[in-house]
Amino acid sequence: MYTIEELKKFCCKCKKCRLSITRTNIVFGEGNINANIMFVGEGPGYNEDMQGRPFVGKAGHLLDKMIEAINLKRSDVYITNVVKCRPPENRNPFDDESKTCLDYLRWQVKLIQPKIIVCLGAVSAKNLINKELSISKQRGQFVKKGGIYFMPTYHPSYLLRNEEAKKDAWDDFKKISVKSSELLNDNK
Ligand code: URA
Ligand code: SF4
């Protein structure tokens, strides 16, 4: 079994898909490696590609605020993406790219062993929960798979464009908070 640092070193040299050609930096993910909650976005954008860190632009700022709204800090959770390299012009990752890159996410999940995985947006939810999932119809409902509770919710970039959806996202985050406390109490 690799450590997370070993996995990161390995991933930072990755050329397994075409996104390696256009990336500036790999965005492996960061946070608490003992986190109970993991957030998974779609893929790095411009700012993330420049800095090599996940969710550091406008959407990241909103995500930070949402995490703080459930009384957590960014450093309490682990944040990463389906693909670790920026898709050109922020297009959605192609299926072969996500499929290849998901090996890294699987390792991250094995090492971190989160109790809850929050899928931010349709690309994340479809890749992690079910290819047929509709984010507008199925957001806000936990799906339990392999002992982990997956919560599909809106991507923060969507919330920046659709203010009216923030209320639903807030409901989803409250559910995440409640579930997280329940699971922690079960362990006592
Ligand atoms: N959007 C994502 O999906 N991931 C990031 O890291 C930043 C923006
Ligand atoms: Fe490797 Fe993933 Fe980057 Fe593709 S997106 S080159 S699989 S790290």
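## Two loop asparagines

Asn-71 sits in the loop between α4 and β3 (78-81). Helices (H or I, at least four residues) and strands (E, at least two) are DSSP runs, numbered from the N terminus. Phi of Asn-71 is near 60 degrees, a positive value in a residue other than glycine. Asn-71 is exposed, with a relative accessible area of 73%. Here buried means under 20% relative accessible area, exposed over 50%, and partly exposed in between (1.4 Å probe, protein chains only).

Asn-90 belongs to the loop between β3 and α5. Its phi is also positive, near 60 degrees, in a residue other than glycine. Asn-90 is partly exposed, at a relative accessible area of 43%.

## Basis of the model

This is a predicted model: local features need pLDDT of at least 70, side-chain atom pairs count only at pLDDT 80 or more, and totals for chains, interfaces and linings use all residues. Residues are numbered from 1 along each chain as its sequence is written, chains are lettered from A and ligands numbered from 1 in the order in which they are written, and side-chain values use heavy atoms, with hydrogens and water left out.

## Largest pocket

The largest pocket holds about 520 Å³ of space. A pocket is an open set of points on a 1 Å grid over the protein atoms alone, where a 1.4 Å probe fits, with protein on both sides within 12 Å along at least five of seven lines; lining residues have an atom within 4 Å of a point. Points are joined across faces, edges and corners, and a volume is the space filled by probe spheres set on them.

The lining has 27 residues, and Glu-42, Gly-43, Ala-59, His-155 and Ser-157 lie nearest the centre. At least two lining residues come from each of α3 (46-51), α4 (58-69), α6 (122-128) and α8 (156-161). By type, the lining splits into 11 nonpolar, 11 polar and five charged residues. Ala, Val, Leu, Ile, Met, Phe, Trp, Tyr, Cys and Pro count as nonpolar, Asp, Glu, Lys and Arg as charged, and the others, Gly among them, as polar.

## Second largest pocket

The second largest pocket has a volume of about 230 Å³. Its lining includes Leu-102, Arg-106, Lys-110, Asn-127 and Lys-145. Two or more lining residues come from α5 (95-112) and from α6. The largest share, five residues, is from α5. The lining divides into six nonpolar, one polar and three charged residues.

## Nonpolar cores

The largest nonpolar core has 30 residues. Such a core is a set of buried Ala, Val, Leu, Ile, Met, Phe, Trp, Tyr and Cys residues joined through side-chain atoms within 4.5 Å. Those with the most contacts inside this core are Met-38, Val-40, Tyr-78, Leu-105, Ile-117, Leu-128 and Phe-150. The largest share of this core, six residues, comes from α5. Apart from it lies another core of 23 residues, among them Leu-62, Met-66, Ala-169 and Leu-183.

Leu-128 touches Val-40, Val-82, Leu-102, Leu-105, Ile-117, Cys-119, Lys-145 and Phe-150, not counting residues up to four places away in sequence. Contact means heavy atoms within 4.5 Å.

## Cysteines

How many disulfides are there? The count is zero, where a disulfide is a pair of cysteine sulfur atoms within 2.5 Å. Cys-119 is in no disulfide, and the nearest cysteine sulfur, that of Cys-101, is 15 Å away. Cys-119 is buried, at a relative accessible area of 0%. Cys-101 counts as buried at 10% relative accessibility.
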